[in-house]
Amino acid sequence: MAPPTPLPADFEWGFATAAYQIEGAVDEDGRGKSIWDTFCHLEPTRTKGASGDIACDHYHRYEEDLDLLSRYGGKAYRFSISWSRIIPLGGRNDPVNEAGIAFYDRLIDALLARGIVPWATLYHWDLPQKLHDRYGGWLDVEESQLDFERFAKICYERFGDRVKNWITLNEPWIVSIFQDKGYATGGNAPGRSSINPQSSEGNTATEPWTVGKALIMSHARAVALYNKKFRGTQKGRIGISLNGDFYEPWDSEDERDKMAAERRMEFHIGWFANPICLAQDYPICMREQLGDRLPAFTEADFALLREAKMDFYGMNYYTSQFARHRDEPASETDFLGNLIELQENKQGVPVGEPSGVHWLRSTPDLFRKHLTRVYRKYGLPIYVTENGCPCPEEDKMTRTEAVEDTYRIRYFQDHLDAVGLSRTEDGSDIKGYFAWSLMDNLEWSDGYGVRFGVTFTDYKTLERTPKKSALLLKGMFEDRMKQSVSPETHLPSEGFRAHM
Ligand code: PNW
């Protein structure tokens with residue numbers, strides 16, 4: 001067997017989680033409700049009957065969880081801060097909740113005591129319910145960015161002496177679109193959609209694009225504020241986590257499918273990365289299809305986007321697909337770029353091996369292509385801020401069966417090799433990797449059935465049991481980092497050139 005591809009000796013790695021998926025303790029110490037509390041308690045259920053009321057009870061068991069992290073050897077830990085614990089009502093004139101601050105103080109100090117580097121995400125989908133009630137949350141572009149900026153400011157002021165790695169938003173695409181399938185499909189909170197029979201509110205033709213702009217400008221304000229007021233003294237780094245699959249043409253001979261694949265990635269990533277990474281307008285193909293439904297950026301918006309220079313691109317990557325063009329004009333509610341997404345190509349070849357969830361197939365070769373494409377286009381160092389999978393049939397397994405997670409071990413190995421190849425063969429600057437997730441947790445609208453953890457969570461007893469992958473990851477990194485190559489040579493990317 002060929003040796004694994006090397007990673008540099010200072011490569012950062014660890015595990016990731018998000019507040020609502022693990023914390024529980026939703027009514028404790030003054031926490032306000034978020035849109036996920038409301039969404040999980042709708043009837044009929046839109047989350048398979050599950051809620052984050054208890055989740056993994058991490059709020060009370062965080063010491064035990066950080067002990068697991070130490071045992072697994074992770075050097076860094078990515079968690080998210082629940083906005084409504086810090087500001088229960090959410091708004092810029094609403095009171096700060098000291099008990100909520102105190103929880104994250106304890107968590108951060110407990111990480112530092114173990115020598116683990118904290119990476120804090122400001123927004124992992126849990127908007128304070130009050131902001132949704134007051135003005136529609138992200139549907140109000142002007143209000144939401146001011147409230148988010150103030151939340152970010154409190155976090156920098158109170159945690160920035162110890163937190164040096166910030167992620168503003170997690171996956172704005174999912175927030176805009178899945179809100180089952182939020183603001184387009186209505187699949188996630190707040191569940192608004194005009195194409196989802198379970199939703200009676202919303203407009204899929206317009207709302208996702210408005211929400212997208214609110215998220216872009218909220219991110220920009222939070223980064224500009226950090227750059228202006230905090231970077232000098234705190235000397236940290238800031239970025240965003242964008243999701244997005246890589247797409248290959250369904251028929252590799254057909255120019256129209258090749259264009260569809262590229263268009264799909266522009267609708268996924270360019271939507272956010274053009275304004276955020278390059279201070280440019282949305283991709284042309286989005287303007288062409290969506291016209292005035294895509295809100296414009298003003299000169300003042302562009303000025304703010306230029307001030308909001310980030311340090312890294314956070315990439316959440318799980319899978320890839322094929323794109324097949326459509327001949328008919330796009331419908332008003334289309335958000336993909338007028339194409340069909342498929343898991344098999346024209347010859348019937350599957351994109352990868354199935355996992356334990358329908359939307360995810362293991363596609364490491366396309367991960368390498370994706371890393372390289374993103375690096376060349378946007379020119380920022382990349383941290384993989386999420387990558388992982390559930391094993392086939394894992395939802396039906398007992399603990400004893402689930403801890404033998406061979407599929408996940410191979411998934412990690414293959415994806416780490418893809419990171420290595422994109423670095424050494426293609427010249428991408430990739431600096432770190434977070435496995436999703438430290439433990440099995442609330443998989444949003446899929447409830448507790450789909451297990452992404454490297455630790456098995458028994459939801460009845462809340463007992464945690466390490467799976468094999470948790471214990472093997474450290475060795476996988478060590479093997480790769482030992483044979484590290486230096487000095488680093490990186491090819492300049494398109495984005496980099498554009499800034500020169
Ligand atoms: C991410 N898709 O969401 C989230 O950041 C995590 O909170 C979540 O638990 C994890 O991935 C696993 O799902 C995604 O359908 C959800 O392509 C769905 C998709 C992608 C990302």
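Glu171 lies in the loop between β4 (165-170) and α8, where helices (H or I, at least four residues) and strands (E, at least two) are DSSP runs numbered from the N terminus. The phi of Glu171 is near 50°, a positive value in a residue other than glycine, and Glu171 is buried, with a relative accessible area of 5%; buried stands for under 20% relative accessible area, exposed for over 50%, and partly exposed for what falls in between (1.4 Å probe, protein chains only). The structure is a predicted model, in which local features need pLDDT of at least 70 and side-chain atom pairs count only at pLDDT 80 or more, while totals for chains, interfaces and linings use all residues. Residues are numbered from 1 along each chain as its sequence is written, and side-chain values use heavy atoms, with hydrogens and water left out.

A positive phi near 50° is also found at Asp29, again a residue other than glycine, which lies in the loop between α1 (19-22) and α2 (35-40). At 38% relative accessibility, Asp29 counts as partly exposed. Cis peptide bonds occur as well: one joins Ala189 and Pro190, with omega about 5°, and Pro190 is found in the loop between α8 (172-177) and α9 (207-234). Another joins Trp436 and Ser437, with omega about 10°, Ser437 being placed in the loop between β13 (430-436) and β14 (455-457).

The chain as a whole has 17 helices and 15 strands. For its 500 residues a compact globule would have a radius of gyration near 23 Å, and the value of 21 Å for the chain agrees with this; the radius is taken over C-alpha atoms, and the globule rule is 2.2 Å times the number of residues to the power 0.38. Along its principal axes the C-alpha trace spans about 60 × 55 × 50 Å, and buried residues make up 63% of the 500 residues.

Helix α13 (residues 364-378) has 15 residues, which at 1.5 Å a residue should span 21 Å, in agreement with the 21 Å between its end C-alpha atoms; the expected span is 1.5 Å times one less than the number of residues. Among the buried residues of α13 are Leu366, Phe367, Leu371 and Tyr378, and just after the helix Gly379 takes a positive phi of about 65°.

With a disulfide taken as a pair of cysteine sulfur atoms within 2.5 Å, the count comes to 0. The sulfur of Cys277 is 16 Å from the closest cysteine sulfur, in Cys285, and is therefore too far for a bond. Cys277 counts as buried at 9% relative accessibility, as does Cys155 at 0%.
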